[in-house]
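Subject: Structure for you to look at

Dear colleague,

I am passing on a structure that you have not worked with before, and below it you will find some notes on what came out of it. Please read them with the model open beside you.

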Protein chains: 2
Amino acid sequence: MYIPEGFMFSAVASGIRKKDRLDLGLIFCQDKGISWGVFTKNTVKAAPVILGKGHIKNPVTRAILVNSGVANAATGIEGIKRAEELLGALSQILSLRKEEILPASTGVIGEQLPLERILPRLPELINNLSPSHYLAFAHAIMTTDTFPKLSSRKTKEGISILGIAKGAGMIAPNMATMLAFILTDGILSKEDLKRLLQKGVEESFNRITVDGDMSTNDTVYALASRKKHIEDWKEFSHAFTEVLQDLAYMIVKDGEGASKVIKVVVKGTRTKEEAELLARAVAESPLVKTAFYGEDLNWGRIFSALGKTGLPFQPEEVELFLNGLPWIKELTLQNDEEVLKKELFKGEVELSIKLKQGKQSYWLLTCDLTEEYIKINASYRS
Amino acid sequence: MYIPEGFMFSAVASGIRKKDRLDLGLIFCQDKGISWGVFTKNTVKAAPVILGKGHIKNPVTRAILVNSGVANAATGIEGIKRAEELLGALSQILSLRKEEILPASTGVIGEQLPLERILPRLPELINNLSPSHYLAFAHAIMTTDTFPKLSSRKTKEGISILGIAKGAGMIAPNMATMLAFILTDGILSKEDLKRLLQKGVEESFNRITVDGDMSTNDTVYALASRKKHIEDWKEFSHAFTEVLQDLAYMIVKDGEGASKVIKVVVKGTRTKEEAELLARAVAESPLVKTAFYGEDLNWGRIFSALGKTGLPFQPEEVELFLNGLPWIKELTLQNDEEVLKKELFKGEVELSIKLKQGKQSYWLLTCDLTEEYIKINASYRS
């Protein structure tokens, strides 16, 4: 893992969740950092989202404080008050302004933060800060995740980018889908960071939602410690987006109950928007997702999903490919069923859908839908 | 069951599906009937949908021919040809015009009708015609349905309405979701029937789709034998809609793997469209549906689903009721958890969501999402 200069990490078991389960994490930027954020579009926004949207506008950012277990969403004025009290207490110990800390929460909606348990643990949280504690931080933010999600890159110029995320499901799992924190030691302006983050999110996290769901808490923060001069912006931007894509991939891979990652590619449409509409219809179809799980070459479900968009096309013009192998052309099977079926057994499947209307395309990642998804989501909380 | 005058029914095991499984059904109208139909809006339309859309415009309708096992969708020109050949053969034996028969199919997409097996069975199908064979017909059109779906009403004036449907799932199961056939002996014009059917479908089948999916084959036909004068149109119209609602309810009840029927009611919005948008967001949320399955009072998932519509509202203004019992008001629990939980154990649950923005409302039916749904849809076809 490449750890950008100027950052320290910490995590404690504050007792929000089960005893001895890490549930409070802190990222600390030793000097004055700059930040930006991208947030859920859900009307019901968690208290940390409401606060965070304001705090990223502050010229200086020094820390990110994250808790799991309680989402602090649909908690009203009291929720905001408690989030502010928590940030206030932390900022006092660290001698910062409250606005220099970015908050994030993930967990059950409608429950208040148990400050009486969290506040006494802040000194310990700060004492634990170390550049090497990034893995403890990654664990502290997990909910139904089965593995911590980290990715990093170092450019030839020696600039590091580290991403840490949580999220374990395709369908807005557990009301607090996705948090990601991207750290770098590159010297960039707030405007640079904003542009990079928006572009990066469009190419990564925006391509993994499966039913358009956004939770009340979805947040991606980027924070730069501004230690190292960037010469090659192209390389830096590329590495930055790759870190986001790695994290997005890991979230699909860890999809609740998922057994496969499926890349859906639509090509040959008149506009990118049409390609996206078609790709989402297929990637979000529970019937397509269960067919992939059942390793069933049920291409009719793919055609039906395409058709429900209402976009005009002739079924005859649609070609399907499975991991590059011709599958369907002019409504006819193009390959031996056994050969194609073998591709479905793989943990990663690329489904290509080609139309003949234009030159635009879109891709996104989804996972299959399994009994395990139901089990996880039916029993969560209880 | 009230069987409208002038109709006969029949079914045979034509060998499209497993041996000895009824898979071909016929409704015959002894005199000149009139018909109308409502069809899927999916771009990929099954051959019988394409033909049926034309045939309902014919001034006379004499029969409805339905097969299960093969959807005859995404079958191209050959699919149309075979559907026409089948109708042609039947019309010849019955001495009708082809356009006087309405076709419908349900089953796997992308497979052709095995005419070589079906055609030789047509004489037997016709020989079996009887007013009492409606149950055999209802069985012949089933796919993953666990019970045949029939409902009937008789008005005080003695006019009968009989509905027979198939469909077993909320999420466009198996690509051939829903077929329904509504028969009456009332004397009405094509215009009357069209108006009644459109209104009735809006109040029934349009309120049970859960993720907006429409299969390639969805079809509702209404057919009137025109034997009995209608005086009380209000009563007739009411009874007609009730039959459709009964069938729609049965389809949800038989939802693939479903253990409960959930009625989602949204009240207090500015427009009916907003109420519908909110109701659908909740009813189609896999997380809400798995929470109902898990009998988990996870109201946060309901708020998050409402919020993802992007409609502006304050979470504080939203009230929830469970089977009439106050659940959430101003983001606070209004009742004992154990009392509320008991309501979730019931097979029928009404979730009421009240806003304070206006006087409009909408309701729809959904079912919970269970492991069984995945099992059924992962293994279908194989």
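In chain B, helix α1 (residues 47-55) and helix α2 (residues 76-94) have axes that come within 8 Å and cross at roughly 55°, so α1(B) and α2(B) are oblique to each other. Oblique is what remains once angles under 35 degrees are called roughly parallel, those over 145 roughly antiparallel and those from 65 to 115 roughly perpendicular; the axes are lines fitted to C-alpha atoms, for helices over the stretch in contact, and the angles run from 0 to 180 degrees between N-to-C directions. Helices (H or I, at least four residues) and strands (E, at least two) are DSSP runs numbered from the N terminus. The crossing of α1(B) and α2(B) is right-handed, a term used if the near helix is turned clockwise from the far one by less than a right angle, with anticlockwise giving left-handed. On the side of α1(B) the contact (heavy atoms within 4.5 Å) is made by B:Ala47, B:Ile50, B:Leu51 and B:His55, and on the side of α2(B) by B:Gly79, B:Ile80, B:Ala83, B:Glu84 and B:Leu87. These residues divide into 6 nonpolar, 2 polar and 1 charged, where Ala, Val, Leu, Ile, Met, Phe, Trp, Tyr, Cys and Pro count as nonpolar, Asp, Glu, Lys and Arg as charged, and the others, Gly among them, as polar.

Before going further, please keep in mind that this is a predicted model, in which local features need pLDDT of at least 70 and side-chain atom pairs count only at pLDDT 80 or more, while totals for chains, interfaces and linings use all residues. Residues are numbered from 1 along each chain as its sequence is written, chains are lettered from A and ligands numbered from 1 in the order in which they are written, and side-chain values use heavy atoms, with hydrogens and water left out.

Turning to chain A, the buried residues (under 20% relative accessible area, with exposed over 50% and partly exposed in between, for a 1.4 Å probe and protein chains only) of helix α1 (residues 47-55) are A:Ala47, A:Pro48, A:Val49, A:Leu51, A:Gly52 and A:His55. They pack against β2, α2 (76-94), β4 (101-108) and β8 (219-228) of chain A. In strand β8 of chain A lies A:Arg226, whose phi is near 60°, a positive value in a residue other than glycine, and which is partly exposed, with a relative accessible area of 38%.

A:Ser14 lies in the loop between β1 (7-12) and β2 (24-39) of chain A and counts as buried, at 2% relative accessibility. Leaving aside residues up to four places away in sequence, A:Ser14 touches A:Asp23, A:Leu24, A:Arg117, A:Ile118 and A:Arg121.

Finally, B:Gly268 belongs to strand β9 (residues 261-269) of chain B and is buried, at 9% relative accessibility.
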